[in-house]
Amino acid sequence: MAKTIMLDTNYLFQPRGKNTAWLFRMATPAALVGQPNPRTGRPYGKEIRESLGRVTKLAEARQARDVRLGHIRLEELAVTGRSEGTVEEAMSIAASLRDMHDEGERETATSVLADQAEKLEKKVGTKKAVRWYKTATGERTPFGATVQQFKADRGKALSQSSLNNLDTAVKEFKEFAGEDVTMEEVTRRMAGQFVTQFLPDKKGPKAPDGQGPATIRKKVSQLTQVWSWAQQRGLLPYSKETPWDAQGPTAKEVKARAKTRRIFHPEETRKILSEAPEGKDLGDLIRVALLAGVRLEEVAGLKASQVDESGDWYNVMEGKTDNAIRVVPLVDMAKRVILARLSKASGPDDPLFPKRKVRKSSGKRGGSLSQAFTRLRRRVLGKHTDGVLVQHCFRHTWHTEARRADVDLRTIQEMGGWGIGGATDAPYDHGLEIKQYVKAQKKVAAWLRKKGYFE
């Protein structure tokens, strides 16, 4: 059986279409072909195709599938006496054992597993064989394998950033608790030590003094989700509580430690611009961010096809919210640097920042630019600006100075990609014409120049 038995919609299908009952379907293991199917009384054919009941929700279908796979795997073990010895195999068997309410059936299944564990011991050693047996009988639930199942089940609903953060939290918890830690071993005491002792002392490039309350709170939340999901899926006994409940810093503690970000002052911006030349990736990014108030990735990920030939504007095709999809007017040096890059593009799909490779971990192009800006800002303005001034503060600066330039708030929100609150006319208003946005952007640029943000 494949190692992906727990993943996504494997072995599941809806013959009648969306929102109808899920069915189970898989190629019959060779050893079971011709053997009696205990659920139907008929011999197995080349394919197993069975109802899971009136299950229309995918989460419930996955749980029923896992149980069915475990039953089939147990039958195969009883006939062949051969096991793959994998964690995935053991966990699928454990799912079926939890669903067995007949004591005799459970004893028979456990006996088959004990026999198989003895055979595995000769192949993989006592330690691994015991782990397999305890996992198959539900005595231990490996943390690492549980996380992989969680990601397979919920991963499509999570952003790449959330998945990356989860991977970091998992890696650090394994470092603290051990690579082979099980879900059952994690007590409130262990979770508390990880949160209050290990993480605050965990230092790195982004946390030279140890991790702060906001970061720790986020990691506790992610691990809580894994435990809650495991309980819902039957991998752990169901409970309204997890070892992680009330373990992380409170919102009040996070707020108390957080540094308040501010806008850039004109002299600070001039110093940074003088050290980030026009024509260089970082210099061009800063100029567009200052004069358009855009997010880093909206610039770093630009393709030639998104920019108007005149250079008066570009389209943001996707973003964090629906409001992020918009037209961004370009003026002054922001227009100049984008036109210069557009002239070097040979095709519509060419990126305007080709030296910035898309990171596999995030799917984004601007990560290295963010780090480069941090190094520049620290060198030019000093480390005391950490947490107070970041690249994203150019967006704060643009918004603030646009208001001071007497651009109306509704136009600012539309140009910057912010929500427009509870405006009652929002469903009926489709925005200004592009030339009107360009006119407003020129007004902001003139104000920024007057205030001394750039020469």
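What radius of gyration does the chain have, and what would a compact globule of 455 residues have?

1. Overall dimensions. The chain has a radius of gyration of 29 Å, whereas a compact globule of 455 residues would have one near 23 Å. This radius is taken over C-alpha atoms, and the globule rule is 2.2 Å times the number of residues to the power 0.38. Along the principal axes, the C-alpha atoms of the chain fill a box of roughly 85 × 50 × 45 Å.

2. Basis of the values. This is a predicted model, in which local features need pLDDT of at least 70 and side-chain atom pairs count only at pLDDT 80 or more, while totals for chains, interfaces and linings use all residues. Residues are numbered from 1 along each chain as its sequence is written, and side-chain values use heavy atoms, with hydrogens and water left out.

3. Secondary structure and burial. The chain comprises 17 helices and five strands; these are DSSP runs numbered from the N terminus (helices: H or I, at least four residues; strands: E, at least two). Of the 455 residues, 45% count as buried. Buried means under 20% relative accessible area, exposed over 50%, and partly exposed in between (1.4 Å probe, protein chains only). The areas come from the Shrake-Rupley method.

4. Positive phi values. Most residues other than glycine have a negative phi. Asn-19, which is not a glycine, has a positive phi of about 70°. Asn-19 is found in the loop between strand 1 (12-13) and strand 2 (23-27), and counts as exposed because its relative accessible area is 62%. Ala-246 likewise has a positive phi, near 60°. Its place is the loop between helix 8 (213-232) and helix 9 (251-257); at 79% relative accessibility, Ala-246 is exposed.

5. Salt bridges. The structure holds 31 salt bridges, each defined as a side-chain nitrogen of Lys or Arg within 4 Å of a carboxyl oxygen of Asp or Glu. In one of them, Lys-174 pairs with Glu-179, with the closest N and O atoms 3.4 Å apart. Lys-174 is buried at 19% relative accessibility, whereas Glu-179 is exposed at 55%. Arg-378 and Asp-386 form another, with a closest N to O separation of 3.0 Å. Here Arg-378 is partly exposed at 31%, and Asp-386 is buried at 19%.

6. Glu-414 forms a salt bridge with Arg-410, the closest N and O atoms being 3.2 Å apart. Both lie in helix 16 (residues 409-416), four residues apart, or about one turn of the helix. Glu-414 is buried at 19%, and Arg-410 counts as partly exposed at 21%. Elsewhere, salt bridges that share partners join Arg-62, Arg-65, Asp-66, Asp-153 and Arg-233 into one network.

7. Surface charge. Which residues form a positive surface patch? The patch consists of Arg-82, Lys-119, Lys-122 and Lys-123. Patch residues have over 30% relative accessible area and no salt bridge, and like charges are joined within 9 Å. The place of a charge is taken as NZ of Lys or CZ of Arg. Arg-82 sits in the loop between helix 1 (58-80) and helix 2 (87-98), and is exposed at 54% relative accessibility.

Terms used:
Patch = residues over 30% accessible without salt bridge, like charges linked within 9 Å, V, L, I, M, F, W, Y side chains within 5 Å. Areas by Shrake-Rupley, 256 points an atom, 1.4 Å probe, with all protein chains shown as cover. Lys, Arg positive; Asp, Glu negative; His and termini not counted.
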